[in-house]
Amino acid sequence: MTRTDPADVPRPDALLHLGVFFQGVNHWTIWSDPSSGSQIDPASFLRVARTAERGLFDAFFLGDGLRLRESEGGVHELDVAGRPDSITQLSALAAATERIGLVSTSNTTFNEPGDLARRLAGLDLLSGGRAGWNVVTTHNAWTGENFRRGGFLDHADRYRRAEEFLSVARAVWDGWAEGVVAGSVDARSWAVPGGVGRVRSKGAHFDVDLVPTLPRSAQGHPVIFQAGDSGEGRDFAARQADVVFSAHGTDFDDALAFAEDIRRRLRAAGRAEDALRILPGTEIVIGATEKEAEEKERWVRLEQVTPAVALGIASRLWGLDLSGRDADGPLPTEDPVVAAYDGKFGTRQLGETRETVAEWRAKAEANGWSLRETVIELGPQRGHVGTPAGLAEKFARFVRHGALDGFNVSPYLVPDGLDDIVELLVPELQERGVYRTAYTGTTLREHLGLAPVG
Amino acid sequence: MPRPALRLAVEIDGDGAHPAAWRRAAHSPGELLTPRRLARVAAVAENAGFTLVTLDDSILPPGSDAGPAGRIGAVERAAFVAASTSVLGVAPVLATTYAEPFHVSSQLASLDHVSAGRAGWVVGVETDPAAARAWGRPPVGGPDATAREARDGLRVVRDLWDSWEDDAVIRSVATSRYLDRSRLHPIDFTGETYSVKGPSIVPRPPQGRPVVLARPGIVPAGLTDVSLIGGGSVADVVAAADDSTSPRAFAEIEVALDTPRETARERITDLERYAPWSARPDRLRYTGPATGLVSLLTELDGRVDGVRLHPLVLDEDLAVLSRLVLPELFVRRTAARPLPGTTLRASLGLPRPLSRFTTTDGAATTPVREEIR
Ligand SMILES: Cc1cc2nc3c(=O)[nH]c(=O)nc-3n(C[C@H](O)[C@H](O)[C@H](O)COP(=O)(O)O)c2cc1C
């Protein structure tokens, strides 16, 4: 790659921000390797969080899913499943880490704002202003079966509920005036009378009347992340979020187009273009040479997409039980049964259409791929592969051209999958002046370079 | 039946049991809501030899008019305390009156994981209609409905803990299966007001089930591990313990102790300038020198399984408990410290329950000793 002249670079001083997504439930987490550790032991979480903190990461991030994924009439068996409640786990990590941000994915459809706002504010205080909230909006009735409220919301309604939820949460976080707590034990009362405002909110989704029980944290409010990719999701982010956790971080042009789309939506929402950080999720495979990196990537893909996993993915695409087939043979010859998306396999919809199958067939035929190879080659783009120096150059270009602000890295191995990123990639980034050499703030908002909460 | 040495619990919410306790706290009022303060109290309790701490909670503000208006959620505090201690049990108050039992189950199972098996749950109920408004849910009115929500919530929570058998994660590389789905169970709970499908999204807690503590009458005794019994006199407490059908009975005791500089009476009088300290019929109260408390607890030894202390002012009484009371109880073997590396359940002498979904077939996975040569 040729070095760009600084004059052509829109953001020559931009810094890359890194977060780590402790992988949850999917086949990208390799559990079959002997070095793969427990997915639930607190030591695993601590190991990843401390490694990330050593690497001066902005954030440690946990996902959420309120029902175990199902396939072929039962709980899906092939992938990692089972994880801790995120705010509980992060509250423990608050005691065992110093600087790193702690981001919880929490659902607005199956929580209530008075309760969740309080839990997040508690995490924010316990961590000294390091909490973040990834606002997700799962809507399927199948998840609703685990909750009193049951039911579900349609696609548009769930963002309306999310927005109303967030506005109640913000009112809860703003309930205590500055300096409301007495300075000494001799004061007339613990809190200045009238200093705690009551929150009354009656809208389409919530009818709440409460007295907030916590002050603002060192960062004001928890940092708001958003992870939906639809138009409604992006508009929601442009209006409300501090960070977008996007799925557009592999291809430069795709990332730039996404970033420009978000900036357009920010302007339309009346916000500054730099009011929001874009951190796509990514996987990073590092080798000492390009060749070694590619070989490692090949190994990673084969471990992730085992024959059984490939058949499972094909079964969901075809709408047929293909579990007895040969994954290393050709694609099934049957026509797909186009089944309605039933929500049982997580929150992200697979592109289950006849066209996808037709495309798979054409490409497999042209390249002589087996079913498993097709699943690997045509699956979602997973991220970046290269040498530490090569990746650092590439990432510097991404960030300096405004295609993104950083990455939320998903290690494919738990708990040591982050080690080579911190030990090998971070120093190369630092050498190029595109990564911090020390934490300069104490709060997540400061790490991300976001403006203080008004 | 003879009972082993007492186990000691202490309530650490706020600044102490007196509504004006914050007036005598050794820190500025705002410090109450900081991690530093919480870690310090937890360290004192752990070092002193308490088996567990409990953390009161509600979505509503904790205090009376002039008292503390703030409180961090009990589960968040408990998880933080778990990560800053190593042998101390942690038991938050949670009510399923309005909270989703599915979330409550996940939170407590996760607390058990982060604490490596030191989690408990003090079953709470929300009786104030203001709690319904704060939750934004229709009010649960009257004792019957409140009891129903508490009972159903507890059943759901327990079943969800059981919904993963202990050995559900098989990591079978040969068959490409991380889980054995036959060891995961929908709970299919259907109550009067709601239903929950399951299974849990959190693997089975290390203790199988975190220790469930409750005041008598809130939930069926058969579903709890520790009954938090009380009474206005030692005789009442002993009678309540004899009546209790829970596996363990802990006596609730409010304590105000003489400190090197002031007597307990003087301290109470000082605080009563601000607010009365009303006696509760469901708690013993001890006021006086440390030696008297040692005598009281020695008298209770063998009659109850443990005590939960509610100190007048944490910063003052916890220090006296840790210097003068607990050491003496340990010297006399009236009470016992938790052993390093043990779960809360083990500290309380409670067996680790098998999942109720574990069948005899499943039991074949436990080693059969006779066959091992
Ligand atoms: C990168 C990424 C990560 C996500 N992580 C979660 C998650 O952990 N839990 C969850 O319930 N939804 C998660 N989602 C789902 C989104 O919150 C959203 O519900 C989904 O993308 C559908 O919304 P949309 O139609 O706006 O895209 C994630 C989405 C993206 C793009």
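Biologist: What makes the crossing of helix 8 of chain A and helix 11 of chain A right-handed?

Modeller: A crossing is left-handed if the near helix is turned anticlockwise from the far one by less than a right angle, and right-handed if clockwise. The crossing of helix 8 and helix 11 of chain A is right-handed. This is a predicted model, in which local features need pLDDT of at least 70, side-chain atom pairs count only at pLDDT 80 or more, and totals for chains, interfaces and linings use all residues. Residues are numbered from 1 along each chain as its sequence is written, chains are lettered from A and ligands numbered from 1 in the order in which they are written, and side-chain values use heavy atoms, leaving out hydrogens and water.

Biologist: Why are helix 8 of chain A and helix 11 of chain A called roughly perpendicular?

Modeller: Helix 8 (residues 290-304) and helix 11 of chain A pack at about 115°, with axes 10 Å apart. Axes are lines fitted to C-alpha atoms, for helices over the stretch in contact, and angles run from 0 to 180 degrees between N-to-C directions. Angles under 35 degrees count as roughly parallel, over 145 as roughly antiparallel, 65 to 115 as roughly perpendicular and the rest as oblique. Helix 8 and helix 11 of chain A are therefore roughly perpendicular.

Biologist: Which residues in helix 8 of chain A meet helix 11 of chain A?

Modeller: Arg298(A), Arg301(A) and Leu302(A) meet Arg372(A), Glu373(A), Ile376(A) and Glu377(A) of helix 11, where contact means heavy atoms within 4.5 Å. By class, this contact has two nonpolar, no polar and five charged residues. Ala, Val, Leu, Ile, Met, Phe, Trp, Tyr, Cys and Pro count as nonpolar, Asp, Glu, Lys and Arg as charged, and the others, Gly among them, as polar.

Biologist: How do helix 9 of chain A and helix 11 of chain A pack, and at what angle?

Modeller: Helix 9 (residues 307-318) and helix 11 (residues 371-378) of chain A pack at about 75°, with their axes 9 Å apart. That makes helix 9 of chain A roughly perpendicular to helix 11 of chain A. Pro307(A), Ala310(A), Leu311(A), Ile313(A) and Ala314(A) of helix 9 make the contact with Leu371(A), Arg372(A) and Val375(A) of helix 11. Its residues divide into seven nonpolar, no polar and one charged.

Biologist: What makes helix 5 of chain A roughly parallel to helix 6 of chain A?

Modeller: The axes of helix 5 (residues 155-173) and helix 6 (residues 231-240) of chain A come within 10 Å and cross at roughly 15°. That makes helix 5 of chain A roughly parallel to helix 6 of chain A. Their crossing is right-handed. Helices (H or I, at least four residues) and strands (E, at least two) are DSSP runs, numbered from the N terminus.

Biologist: How do you know that Phe398(A) is buried?

Modeller: Buried means under 20% relative accessible area, exposed over 50%, partly exposed in between (1.4 Å probe, protein chains only). Phe398(A) has 2%, so it is buried. Phe398(A) lies in helix 12 (residues 388-400) of chain A.

Modeller: Glu77(A) lies in the loop between strand 4 (74-75) and helix 2 (86-96) of chain A. Leaving aside residues up to four places away in sequence, Glu77(A) touches Arg177(B), Tyr178(B), Leu179(B), Asp180(B) and Arg181(B).

Biologist: Why is Glu72(A) called partly exposed?

Modeller: Glu72(A) has a relative accessible area of 43%, so it is partly exposed. Glu72(A) lies in the loop between strand 3 (70-71) and strand 4 of chain A. Phi of Glu72(A) is near 40°, a positive value in a residue other than glycine.

Biologist: Which residues touch the most other members of the largest nonpolar core?

Modeller: Phe57(A), Phe60(A), Phe50(B) and Leu300(B) do, in a core of 193 residues. A nonpolar core is a set of buried Ala, Val, Leu, Ile, Met, Phe, Trp, Tyr and Cys residues joined through side-chain atoms within 4.5 Å. Among the residues that Phe60(A) touches are Val20(A), Phe22(A) and Leu102(A). In soluble globular proteins, nonpolar side chains tend to be buried together.

Biologist: Where is the peptide bond that is cis with omega near 5°?

Modeller: The bond runs from Val414(A) to Pro415(A). Pro415(A) is in the loop between strand 14 and helix 13 (419-431) of chain A.
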